[in-house]
Amino acid sequence: WAKPLAAARAAAGALADKREAEGALVVESTEPDFRFDRRGHVVSGDAQVQTESHRVIEHLMIAANEAVARLLSGRGVPTLYRVHEPPEPSAVEHLVAKLAVLGVPTPPLREQLPPSEAAAAVGAISRAVDRHVRKQGHGRRGLTTLLLRSLKQARYDPVNLGHAGLHSKAYCHFTSPIRRYPDLICHRALLSAIGGGEDAPRRSAMPEAGEWTSSRERDAMLIERDADDIARCFLLERELFKRGRETEFDGEIISLISAGAFIVFGDSYQGMLPIRKLGGANGEWWELDEHGVVLHGTRSGAQLKLGDPVRVSVERVEAPRGRVDLLMADAVA
């Protein structure tokens, strides 16, 4: 296996360099890996660590998806493409303004950013954010979320509109036909194109299939997110039972709203710190800035910023709702 693995490693490295040079997004994310006992109780939920082997597979899968999409597009075979349209220039400008408030240096933008340059600008910004996070040692979750919210949502479409996030002119989902219906459509389309004994998908059915699969994907993401929250709550209750309700955790602010701060803490738990719990005896009131990235204390001048490290304790856990209410363990400076 040594020679094939060495070839795959070299190919993946070359593909990674090429995508970075072309301005593809640099985004790191983690997903929980939950484990259950024989009775169905969640017993662990470690964050998956992306290794080099994951990255090799990822780059080769992207290359396979692009190859299939190019072939089908070139031959005009009906299929579903994975489409990610470029961001609006105004969304990129707002992103830069938010990052400036947070002290994150970003590449300069042209005064009137053309739509054709918006995707490349976000790619450059993503690399600047990655460098900033590595230097500071915190803020990745919150800043990555901020970056992704400036983008349009990817979807399935019968028209090849390209994938801005990957900086790809033709892209489809082909590599997971056992879990995604769009991949199965792409397999049937490819088999028809190369004489594999399948009929091409009906062109007239593709618009509805694109809308339906995109909708189902969004529904599945919401269900997955809720299920993760509930599983984390059961794990947190188990840990608090062992360590005590007064246990304090190191955390990081990943999102802010006018009602409070969402915080990831401990091994990957998530909860909300309501502003009503920050008032204190002096009647402090907190206001969200116009960019939605800083909560200001109107009396003390204290601040809570997106990406800030914090120390919290748990006030309440509602596992069936996937909800955790937090308290600030340290005074806000």
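**View 1. Leu256 stands opposite Ala261 of strand E6, in a model that is predicted.** These two residues belong to a close-up of strand E5, residues 248-257, and strand E6, which pair in the antiparallel sense over six bridges. The two strands E5 and E6 form a hairpin, and two residues lie between them. Strand E6 itself spans residues 260-265 and is mostly covered, with five of its six residues buried.

**View 2. Strand E6 is also joined to strand E7, residues 269-274, by six bridges, and these two strands run antiparallel.** Within this pairing, Phe262 has Met272 of E7 as its bridge partner. The hairpin of E6 and E7 has three residues between the strands, and in this hairpin Gly266 takes a positive phi near 60°. As background for both views, strands of a sheet pair through backbone hydrogen bonds, in either a parallel or an antiparallel arrangement.

**View 3. Strands E8, E9 and E10 form an open sheet of three strands, in the order E8-E9-E10 and with antiparallel pairing.** Strand E8 (286-288) and strand E10 (303-305) stand at the edges and have a single partner strand each, so one side of each is left without a neighbour in the sheet. On average, and with direction ignored, neighbouring strands of this sheet are turned by 20° against each other. Strand E8 is joined by three bridges to strand E9, residues 294-297, and the two run antiparallel. In this pairing Glu287 stands opposite His296, a residue of E9.

**View 4. The largest nonpolar core has 29 residues, and Leu236, Ile263, Phe265 and Val314 are those with the most contacts inside it.** Two or more residues of this core come from each of helix H7 (206-243), E5, E6, E7, strand E11 (309-318) and strand E12 (323-328). Helix H7 gives the most to this core, with five residues. A closer look at Leu236 shows that, when residues up to four places away in sequence are not counted, this side of the picture includes contacts of Leu236 with Phe249, Phe265, Tyr269, Val314, Val317 and Val324.

Terms used: Residues are numbered from 1 along each chain as its sequence is written. This is a predicted model: local features need pLDDT of at least 70, side-chain atom pairs count only at pLDDT 80 or more; totals for chains, interfaces and linings use all residues. Side-chain values use heavy atoms; hydrogens and water are left out. Buried means under 20% relative accessible area, exposed over 50%, partly exposed in between (1.4 Å probe, protein chains only). Helices (H or I, at least four residues) and strands (E, at least two) are DSSP runs, numbered from the N terminus. Two strands pair if DSSP finds at least two bridges between them. Axes are lines fitted to C-alpha atoms, for helices over the stretch in contact, and angles run from 0 to 180 degrees between N-to-C directions. A nonpolar core is a set of buried Ala, Val, Leu, Ile, Met, Phe, Trp, Tyr and Cys residues joined through side-chain atoms within 4.5 Å. Contact means heavy atoms within 4.5 Å.
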